[in-house]
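Me: I would like to learn how to read the packing of helices and the lining of a pocket in a model like this one. Could you take me through some cases?

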Amino acid sequence: MTEKQPLLVVAGPTASGKTSLSIRLARALGGEVVSADSMQMYREMDIGTAKPTPEEMGEIPHHLIGVLDPSQTCSVADYAAAARPVIREIGSRGRLPILVGGTGLYISAITDHIQFSPMPSDPALRQQLRQLAEEQGAGAVHQILRDCDPESAAAIHPNNLGRVIRAVEVFRLTGIPISEHNRRSRAVPPPYRSCILGLGCQDRQWLYRRIDQRVDRMLAAGLLEEARGLLAREVSLTAAQAIGYKELGGYLRGEEPLAQAVERLKQESRNYAKRQLTWFRREEAIHWLLADTFPGEEALFREALAIARRELALTEG
């Protein structure tokens, strides 16, 4: 039997400290970071997606960051196809791949080794459903999904319009709910021996304060100019979902005060963090680290390092 490749995962909501922890773990374990952030894959979206700094990426190799133009789309299947050979290559050099991010679907695609078989698509149907959402709201499309695939409807947030439309499309074209397709896609065991560290918090207000502070730092670093440049060009549906840009559109178009746009950005970021936590809490194998219960970053790092070494049978040195 082929020995499974060790894979360390650092997951968690936005602003929870994944980047700094993953870099320290990579330094201690001889690792390289593979991004599992759907928006950090795009160029020209550096500040708003909180990419690692050039100095951080110079010290520790980072993969799948800034590899796409904002006009390109990226599905979870596209991500998995890009990430798997990178993870294999890192391991082949005797290094530890560390999958880091907050896009739960991307992480599950890797750790569960989901197999993506080609499925039909219907651009006209997708456009019809988008038109329905524009006229009657996203809830109207979600209701269609509830009628044909209640299981997927319960798992997909109504505001995640792209995934809702895709689930309806799959059922209409194949007659099989996407939830059943997903079950069949997990039939092949993963080639990884995974350890998943989840960064969370005991007090949700602790995380919300960090989110608000990070938004303020992003604005000071030039987020408005970055958003102005991005909104002035055509971007893909995937890139257009990035929190941190569309919320500033009203201000940039002269439709509302900056303070109002910034407050919306902070609120949307907090809402996104709640959805991320909900997703990761369904993961039974996750080792939760409640960051606000540790006396400092050093104690958090030491605990994460001990868990990684134990679960992946890594030796010191």
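Me: Which residues of H5 and H6 meet each other?

Reply: In this predicted model, Leu 129, Leu 132, Ala 133 and Gln 136 of H5 meet Ala 138, Ala 140, Val 141 and Ile 144 of H6. By class, this contact has 7 nonpolar residues, 1 polar residue and no charged residues.

Me: How is the geometry of such a pair described?

Reply: Two packed helices are described by the angle between their axes and by the distance between those axes. For H5 (residues 123-136) and H6 (residues 138-148), the axes come within 6 Å and cross at roughly 130°, which makes H5 oblique to H6.

Me: At what angle do H10 and H14 cross, and what is the handedness of the crossing?

Reply: The axes of H10 (residues 204-221) and H14 (residues 258-280) come within 10 Å and cross at roughly 135°, and therefore H10 is oblique to H14. H10 passes H14 in a right-handed crossing. Among the residues making the contact are Arg 204, Asp 212 and Asp 216 of H10 together with Lys 266, Arg 270 and Lys 274 of H14, and by class the contact has 9 nonpolar, 1 polar and 6 charged residues.

Me: What lines the second largest pocket?

Reply: The second largest pocket, with a volume of about 180 Å³, is lined by 13 residues, of which Pro 6, Gly 94, Arg 95, Leu 96 and Leu 314 lie nearest its centre. Strand E1 (5-11), helix H1 (18-29) and strand E4 (96-101) are the elements that give two or more residues to this lining, whose residues divide into 6 nonpolar, 6 polar and 1 charged.

Definitions and conventions: Residues numbered from 1 in each chain as written. Predicted model: local features only at pLDDT ≥ 70, side-chain atom pairs only at ≥ 80, totals over all residues. Heavy atoms only, no water. 1 Å grid on protein atoms, 1.4 Å probe; cavity = no way out; pocket = protein on both sides within 12 Å on 5 of 7 lines; lining within 4 Å. Points joined across faces, edges and corners; volume = space filled by probe spheres on them. Helix = DSSP H or I, 4+ residues; strand = E, 2+ residues; numbered from the N terminus. Nonpolar A, V, L, I, M, F, W, Y, C, P; charged D, E, K, R; others polar. Axes fitted to C-alpha atoms, helices over the stretch in contact; angles between N-to-C directions. Parallel < 35°, antiparallel > 145°, perpendicular 65-115°, else oblique. Left-handed = near helix turned anticlockwise from the far one by under 90°. Contact = heavy atoms within 4.5 Å.
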